Amino acid sequence: MSNGTMSSLGLNGHESHTRKQPIFMATHPRACSTAFERVMMTREDLVCVHEPFGDAFYFGPERLGSRYNGNDAKAKKDREQSGFSHTRYSHVVNQIEKEEEESNKRVFIKDITHYLLPPSSLEGKVRIAPSLRLGLHKRKGYGTAEIVPNGDYSIATSTNGDTESNGNYSNGTQSNGSSVDNGHSNGNSNGHSNGDGTSEVSYPDYQSLDGISEEDIDNPTVMPLEMLRQYKFTFLIRHPRRSIPSYFRCTQPPLSDLTGFHNFLPEEAGYRELRVFFDYVRSKGLVDDANVFVLDADDLLDAPKIAIRKYCEAVDLDFSESMLEWGMGQGCEAFEKWKGFHEDAIKSSGLKARTHKKEPKTEEQEFEEWSSKWGEDAAKLISQTVKENVADYEYLRGFKVNLEE
């Protein structure tokens, strides 16, 4: 895999063509990752898949996020209205593979890493996603059966901290199997997949070892190692003093009216999960210190031309300065899946080096700024969340690429 190419298995499990590894930009919320993705969208030789795993993480029967979990009428309505209440992790993987095979292009995925790992409240309670286990998933040695959900296996916790599940089904009882997929995916490169199953199977629960290969016993993610090996992983980070207040803003009026995120959840900061994931893929040889690529968002904003050129070198793409310019709003339909989070990228027409670096502020100055915007209690919550994530950010920053010429 050192040359970045590998044999591909088609959706039917048969070998098709030799292709370059799909590129996976792993990141956390509010890391300027959509601006980076917008750069990659200018390329004719890539198909870009925008944050695909959030559908399963938030809305599907294997959901891990607490934001839309619960059995109350509002939570159920929110999941149904999303269009992805039946989307399992296997549906997302299948959709990505379909994008690649139908476009005959290399895939670029940008996604939030904590969609692939359980939040801290569920640490130690989650293993490989049930639909991706041996005998269930339909490629790369992971089975042949097409599937539809016959039960809700989420073990996410609700926002009040109460566990919604006994570790098997989210409401503690088995579903009657009446929930079915609509039999198709939307075919767009926005990463959405709304199900592709046709026959019922029974799923193991998240904590069970059923259908888990020996090499995945220590896997902290919901994806089998065999699947993770398919991707070329790169990483984007941003200091929590910038990302956390930016994320908080998305959960407050008036922006929350667009995002639908009406409360701030510190466990969605994403730094812990990104560090855990980073260490895991390094330990398994998916990246090594000779080719690891960690980009700091401040470096991207200060020197985008150098950053993108070095990135292209790392993932075996030809660099062109034309990647840094595009038409305003052009091709941004994919961003509609998370309204309100990507307005700056949608309104942009290129990525240029900022002319003035932000002057560093003291903690006191930042606290005063946050208090003036959202109140003292909010400022305390933001400040605490920042402090909880600085160590993980600094650890990852120790691996960042040097952009000096």
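## Aromatic pairs and a buried proline in a predicted model

P118 counts as buried, because its relative accessibility is 8% and the cut-off for a buried residue is under 20%. The structure described here is a predicted model. P118 is located in the loop between β5 and α5. Leaving aside residues up to four places away in sequence, P118 touches L64, V126, P220, R272 and E273. The C-alpha atoms of P118 and V222 are separated by 8.0 Å, although these two residues are 104 residues apart along the chain.

The chain as a whole gives the setting for this residue. Its secondary structure comprises 13 helices and seven strands. Of the 405 residues in the chain, 55% are buried. When contacts between residues at least 6 apart in sequence are considered, 77% of them join residues at least 24 apart.

Aromatic rings are a further topic. A pair of aromatic rings is described by the distance of the centres and the angle of the planes. A search of the whole structure finds 24 aromatic pairs. One of them is the stacked pair of F53 and Y89, with 6.3 Å from centre to centre and 25° between the planes. This pair links distant parts of the chain: F53 is in the loop between β4 (46-50) and α2 (54-58), whereas Y89 is in helix α4 (residues 89-103), 36 residues apart. F53 and Y89 are both buried.

F57 and Y115 form another pair, which is tilted because the ring centres are 5.2 Å apart and the planes are at 35°. F57 lies in helix α2 and Y115 in the loop between β5 (106-112) and α5 (225-228), so this pair ties together parts that are 58 residues apart in sequence. F57 is buried, with a relative accessible area of 3%, and Y115 is buried, with a relative accessible area of 6%.

The two pairs are set out below.

| Pair | Distance between ring centres | Angle between planes | Class |
|---|---|---|---|
| F53 and Y89 | 6.3 Å | 25° | stacked |
| F57 and Y115 | 5.2 Å | 35° | tilted |

Which residues do ring pairs link into a cluster? The cluster consists of F24, F53, Y89, Y231, F233, F235, F277, F278, Y395 and F399. Y395 also has a charged group over its ring: the charged end of R275 sits there, 3.8 Å from the ring centre.

Definitions and conventions. Residues numbered from 1 in each chain as written. Predicted model: local features only at pLDDT ≥ 70, side-chain atom pairs only at ≥ 80, totals over all residues. Heavy atoms only, no water. Phe/Tyr/Trp six-rings, centres within 6.5 Å; stacked < 30°, edge-to-face > 60°. Helix = DSSP H or I, 4+ residues; strand = E, 2+ residues; numbered from the N terminus. Buried < 20%, exposed > 50% of the residue type's maximum accessible area, 1.4 Å probe, protein only. Lys NZ or Arg CZ within 6 Å of the ring centre and 35° of its normal. Contact = heavy atoms within 4.5 Å.
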